[in-house]
Amino acid sequence: MLAAIDAAHQVRRRTAPNPWVGAILAVADGRRFAGATQPPGANHAEIQALEAAIAAGADPTGATLYVTLEPCSHHGRTPPCADALVSAGIRRVVVGIADPDEHVAGRGLERLRAGGVEVVVGVEAVAVSDQLAPYLVHRKFHRPWVTLKLASTLDGRTAAPDGSSRWITGPDARVDVHRLRAEHDAVMVGAGTVRQDDPELTVRHVEGRNPLRVVLGVADPGAKVQPALQMSGALPEVLGELADRGVMSLLVEGGANVAHRFHAAGLVDRYVFYLAPALLGGEDGRPLFAGPGAATMADAWRGRIVDVRRLGPDVRIDIAGLGQAA
């Protein structure tokens, strides 16, 4: 299953709106064949692994398949994977987690068992759930997984009193931000950030596709962020509309007003802080959040740090957030 998880990781940036799923087919002669879900309309992970085995002259009859997500059981853009596994004579299927999608939701497991296949569910379920968190949030709550990215000095300032904010962090951290963009289906900023910084919000320093660019508010037609989807209204409705568009993961890059809105609404699944070893040394710089905070220390929100890494002179800290999937 760990190898299947690794196979899924390799396609993380190019399968949406399909979930990034990995599979390993272990055939009777001891060989193993990997597969991973392809972009919409192409093979799912199970079929990729099956076809790899057949292309190598291996007989899948009696084989064991390890797959991170429950095989599908319905006709979508591709035929049902569960049917293909039964037809291929697979003896045993080991599944990381069941699929919460209403079109599957256990029916793939039922189809396998009805076809005489031994089914085991829950192997490395925590690791798979973490890997597929954006997909699970999208299917369970009809909204994208939300990552809030924040960059600041060590004293919590995102800009100097004169409004200058480039560059707080160094080149390694900036490359990492582009990697983060490539891992998300959409990236969002407020109209104020567009007016102040005129960001492009594209992926330039790493390999990967550009996310859908979203502006909360109205952006000037000549802004670098254009063409962008311009949205307004309550955040739950905005996230619901993005979910309808197939957006499973949303990177929120600011500014302080937008960051506060998401934080206060409890809609952040993961906070990513980039901290630079710099100090503005006063109270007149711009803070991370613009808006009222906790009134007392007892009311302060306390998260769970899930990752810390150095990026040149800077530090990235990932914290599980307030969202329902955190």
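Which residues of H2 are buried? The legends below answer this and describe further views.

**Figure 1. Overview of the predicted chain.** This is a predicted model, in which local features need pLDDT of at least 70 and side-chain atom pairs count only at pLDDT 80 or more, whereas totals for chains, interfaces and linings use all residues. Residues are numbered from 1 along each chain as its sequence is written, and side-chain values use heavy atoms, with hydrogens and water left out. The secondary structure comprises ten helices and 15 strands; helices (H or I, at least four residues) and strands (E, at least two) are DSSP runs, numbered from the N terminus. The radius of gyration of the chain is 22 Å, close to the 20 Å that the globule rule gives for 326 residues, so the chain is as compact as a globular protein of that length. This radius is taken over C-alpha atoms, and the globule rule is 2.2 Å times the number of residues to the power 0.38. The C-alpha trace spans about 70 × 40 × 35 Å along its principal axes. Of the 326 residues in the chain, 50% are buried; buried means under 20% relative accessible area, exposed over 50%, and partly exposed in between (1.4 Å probe, protein chains only).

**Figure 2. Helix H2 and its surroundings.** The buried residues of H2 are Ala45, Glu46, Ile47, Ala49, Leu50 and Ala53. They pack against strand S1 (22-26), strand S2 (32-36), strand S3 (64-69) and helix H3 (81-87), where contact means heavy atoms within 4.5 Å. After H2 comes Gly57, with a positive phi near 80°.

**Figure 3. The largest nonpolar core.** A nonpolar core is a set of buried Ala, Val, Leu, Ile, Met, Phe, Trp, Tyr and Cys residues joined through side-chain atoms within 4.5 Å. The largest has 43 residues, and those with the most contacts inside it are Leu25, Leu65, Ile90, Val93 and Leu132. Helix H2 (residues 45-55) gives the largest share of this core, five residues. Another core, of 26 residues, lies apart from it and includes Leu242, Val252, Phe262 and Leu267. Leaving aside neighbours within four places in sequence, Ile90 is in contact with Leu25, Leu50, Pro60, Ala63, Leu65, Leu85 and Val117.

**Figure 4. The five-stranded sheet.** An open sheet is formed by five strands in the order S2-S1-S3-S4-S5, with mixed pairing; two strands pair if DSSP finds at least two bridges between them. S2 and strand S5 (118-121) stand at the edges with a single partner strand each, so one side of each is left without a neighbour in the sheet. From one strand to the next, the twist averages 15°. Helix H1 (residues 2-10) packs on the sheet and touches S1, S2 and S3, its direction making about 135° with that of S1. H2 also packs on the sheet, touching S1, S2 and S3, and its direction makes about 145° with that of S2. Axes are lines fitted to C-alpha atoms, for helices over the stretch in contact, and angles run from 0 to 180 degrees between N-to-C directions.

Figure 5. S1 is mostly covered, with five of its five residues buried. Gly22, Ile24 and Ala26 point one way from S1, while Ala23 and Leu25 point the other way. In a regular strand the side chains alternate between the two faces of the sheet. S1 and S2 run antiparallel and are joined by five bridges. Across this pairing, Ala26 stands opposite Arg32, Leu25 stands opposite Phe33, and Ile24 has Ala34 as its bridge partner. The hairpin of S1 and S2 has five residues between the strands, and Gly30 in this hairpin takes a positive phi near 95°. S1 and S3 also run antiparallel, joined by four bridges; here Leu25 stands opposite Leu65.

Figure 6. Thr15 lies in the loop between H1 and S1 and counts as buried at 0% relative accessibility. Not counting residues up to four places away in sequence, Thr15 touches Trp20, Thr37, Gln38, Pro39 and Pro40. Leu180 is found in helix H7 (residues 171-182) and counts as buried at 4% relative accessibility. With residues up to four places away in sequence again not counted, Leu180 touches Lys149, Leu251, Val272, Tyr274 and Arg316. Leu180 and Leu251 are 71 residues apart in sequence, and their C-alpha atoms are 7.9 Å apart in space.
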